[in-house]
Amino acid sequence: MAATGNADTNVGHGALIEAVDRALATHGRAVLTGVAGSGKTEVARAVAAAAARRRETVLRLAPEAVDREIPEASAAALLASVPRTALDRLAGPQRTAVALLRREADAPRAGRDHVALRLAVVEVLRTLAASGPVLLVLDNAQWLDPESTDLLRFVLRLTPPRVRVLAAECVRDSPVAESLCGPGTPVVHVPALGADEVAELLLRHGLPARLAGRIHQASGGNPRLALALGHSLAEAAAGQGGGAHHADTLPVTGQARDVARRLLAAAPGRARPTLLLAALAARPTTALLRRAGRPDAEAELAQAERAALVTVGEDGTVAFTAGALPTALAADAGWPERAAGHAALAAAVDDPVQAVRHRALAVDTPDADLAAEITRAADACRRRGQRALAAELGLLAAERTPAAFPHEELARLVGAAEDAGWAGRADLARRATRAVLARDASPAQRVRARLAVIDAAGQALADLDETIAHAVADAAGDPSLQAAVQLRIAWKHNIGDGDPVRARDAAAEAGALAKAGGDQVAEAMALTVRARMGRILGDPDAEDILAEALALPAPEVPLGMRNAPQFLAVRHALFDDRLADAHRQLLVLLPAVQRTGSAEDVFEVLRSMTEAELRRGHCARGAAHARRALELTIEAGLSPGPAWYVAATAEAAGGSFARAAAYARRGIRASEEEGDQVFLSRGLYALGSVELATGDAAKAVATLRRVAALEEAQQVVDPSILRWHGELAEALVAADAPHEAVVLLDRVTPVARSLGRTTVLAALDRARGLCLSAQGEPERAVALLEATAERFGALGLPLEHGRTLLALARVERRRRRRAPARDALRAAAELFEAAGAAPWLELARENAPESCGPHPGVEALTEAEARLALLVAGGASNQEAAAKLFLSVKTVESRLTRIYQKLDVRSRAQLATALRGQ
């Protein structure tokens, strides 16, 4: 009788284990509930393992479904796990009853002494409890056979307090576990994993991090289902000879379908038709399901809700708890059942577009009139901005087009591909493009379909060289098509290759071709890429090129607003900290991009709004935009690296440094997987900034040096694009390398000054002030930091203002000027509190002299020296300290020499005495 195969995960279980331990300590009983695959077994195992480490006797019972039908099977298994010494003490009738049960668990029960058996189990537990605490773990209590359930219910009423019981079972209407443990027993529910925990689970199992959002949505946070989906997707991608794409349809096959079926089995059979109708509907409600022929929909859905399969809102909206469940329901239903369901829904929905969709899905034969009607519905979706639905309908229209109309079929397939590219649906774009390429398509149609695949790929452009090569060949002789292809090549050079020079050159070629072809929109796009690359490369003509692009006609942009000059103008305003201008323009762009239905355009506007609000010191608003951007990314299947970077910046400003670091690491992993050099730099920058803020100077230096190397490889000149220079300089100072910081600042300051990057210069001056302090010039440091703080205040950048005051407080404290340090910290705290910058506010309060002023000995040291001194004073060897601080042993030795000199000590013992209490 084995334990069920739960997902191998410890993610998020620490709090659950503590809750179970508290319940067992207080009540002696605890019930653990959750859906199949939620991780109950892992929690129970962890509790049992902890008890075993405390030398407690642990008895574990884990029946399987087949055991439910075998009388007293679980009782026999329990007695089989009991130590022989406890059985030897039983009286004759009891020992006989136990021996008979253990030998003949499958035999007829007639003739057994059941009273003796029950008393035997009671006596065994009492014997074990006499020598120490006993923990009885009943896993999968729902599979206990009725006879064993009755036996255990009797036994547990008579056991001593030292016998504790943990019963775990799947959620059911009539829980067995609670009936065994008695009324009032604390119930601990195993909740679904969050998106962060699903990401950690996937990483630990070697699955791509960029799939975490989609898999969380499809699994509903069920760890077993999440892993099954991840493995199914990875296997499907391997079978196709490529990596899994973040927007691919998740295959509910194999193990994933088995897990989904097991979950669905918790609902009564009579609820199945109602659940199938809900699965087939785009927006199911109880009212819709009643109109579609399910008069008892509310009652049936209530049963499904108790089984944790759906949630029903107050307005009757029905949502499945895991996206894989409706897929499994539809896949398991036969064609006649699905067709009947779609026919019923076609007559019940109130949206004409959905009515057409259901009518089309209710038949499987070509129909010219129906195909034309579906095409008109796709046009309506395009006008609504529902480009993903338009792509689905376009494919459906092509499937329903009779063979006698090949031109109409091709046009519908190409339109579907372009809609999918606009919506970022790589799976639909590839499907439509494969169909186009399998037909007698014109070169122009082949180019348009292939460009849609490129557009849908998001940031994952690294593996599209072959697609681009075919597009180049097909576009030969048509300047407009060639311009469109060259634009994509320019984007790939920037994002996938990190090469702005080649991107600029490709854009120049695209612009010339667009001009020759009379395509002013493409020409404006090409000029926009040139201006963007010019800004990166520090070209003073970049603004003039952007102005030239803005002067061209700007209709609704077919290649995405994110690539239009109007949006680049917003980005430049953000780079220059013209935040009010940027915010005003973004408020105009947001409804415009929402109307077009481009998920990537909406994301880019939300990303920019997040950055603008955070820089203006509106952390709550910035966090709200970041959440919307992340939700959109998951819903639309966009590349997650950018969204995780945005989430990291929002958390670092107004949430939690720990969560910011977690988001940044996830974004780094996703960008590495997709070959996205641009957002790899940004993810590393976000992580390095958090490491600097939280005092991990050595890690911050290593991380930010990776940013520097990437930016150098990408030939980025303008320091306003990604402001890592001041961060790295501050990290170098904190790591006791102020001379390296000075070299970096001396190199970048003239560039920033020549380009007129005012706010960048202020950040560089903050780092220079810390350099001056570390090099023994505190008066100059204080003067510079005070002036820099005033500049940030005048520029309307409260977080930067507060950070500068924190730096000033550190310098003043090192000078042993406690009052000025306290004043600077208080002013910083006020700024952070007004901005809602929670982690920075906490940092300011932690450093307040009133609460935790440093020992005078520590004040004489730099931050890096103080960190090393405290480690050595705590007993660390030079080698251990070097490993902890990511330094060489030689560096540790030389730094210790300086510490001894500053504190006037000559040994480790004297150092420990000087720093006692710290």
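Modeller: A salt bridge is a side-chain nitrogen of Lys or Arg within 4 Å of a carboxyl oxygen of Asp or Glu. The structure discussed here is a predicted model, in which local features need pLDDT of at least 70 and side-chain atom pairs count only at pLDDT 80 or more, whereas totals for chains, interfaces and linings use all residues. Residues are numbered from 1 along each chain as its sequence is written, and side-chain values use heavy atoms, with hydrogens and water left out.

Colleague: What is the mean pLDDT of the protein?

Modeller: The pLDDT is the predictor's confidence in each residue, from 0 to 100. In this protein, 93% of the residues reach 70 or more, and the mean pLDDT is 87.

Colleague: Over residues 1–11, how many contacts does the stretch have beyond near neighbours in sequence?

Modeller: Contact means heavy atoms within 4.5 Å. Where pLDDT is low, the predicted coordinates should not be read in detail. Over residues 850–855 the pLDDT is below 50, and that stretch has 15 contacts in the model beyond near neighbours in sequence. Residues 1–11 also have pLDDT below 50, and their number of such contacts is 45.

Colleague: In what order do the five strands of the open sheet stand?

Modeller: Helices (H or I, at least four residues) and strands (E, at least two) are DSSP runs, numbered from the N terminus, and two strands pair if DSSP finds at least two bridges between them. In this open sheet the pairing is parallel, and the order is β2-β3-β4-β1-β5.

Colleague: Which are the edge strands?

Modeller: The twist of the sheet averages 15° from one strand to the next. An edge strand pairs on one side only, which holds for β2 (57–61) and β5 (187–189).

Colleague: In β4, what is the bridge partner of V137?

Modeller: Strands β3 (residues 134–138) and β4 (residues 163–170) are joined in the parallel sense by five bridges. V134 stands opposite V163. For V137, the bridge partner in β4 is L166.

Colleague: Which residue stands opposite L166 in β4?

Modeller: β1 and β4 also pair in the parallel sense, over six bridges. Opposite L166 stands A30.

Colleague: At about what angle to β1 does helix α1 run?

Modeller: Axes are lines fitted to C-alpha atoms, for helices over the stretch in contact, and angles run from 0 to 180 degrees between N-to-C directions. Helix α6 (residues 114–130) packs on the sheet, touching β2, β3 and β4, and its direction makes about 145° with that of β2. Helix α1 (residues 14–27) lies across β1 (29–34), β3, β4 and β5, and its angle to β1 is about 150°.

Colleague: With which residue does E56 form a salt bridge?

Modeller: The structure holds 62 salt bridges. E56 is buried, at 13% relative accessible area. Its closest N and O atoms are 3.0 Å apart in the salt bridge with R54.

Colleague: How far apart are the closest N and O atoms of R705 and E740?

Modeller: R705 in helix α36 (residues 697–713) and E740 in helix α38 (residues 738–755) link distant parts of the chain, 35 residues apart. R705 is partly exposed at 40% relative accessibility, as is E740 at 41%. The closest N and O atoms of their salt bridge are apart by 2.3 Å.

Colleague: Which residue meets E833 in a salt bridge?

Modeller: E833 is exposed, at 51% relative accessibility. It lies in helix α42 (residues 818–835), and its partner, 12 residues away, lies in helix α43 (residues 838–846). At 3.9 Å, N to O, that partner is R845.

Colleague: Is R400 buried or exposed?

Modeller: R400 lies in the loop between α20 (387–399) and α21 (406–423). Leaving aside neighbours within four places in sequence, its contacts include A360, D364, D367 and I374. At 9% relative accessibility, R400 counts as buried.

Methods:
Buried < 20%, exposed > 50% of the residue type's maximum accessible area, 1.4 Å probe, protein only.
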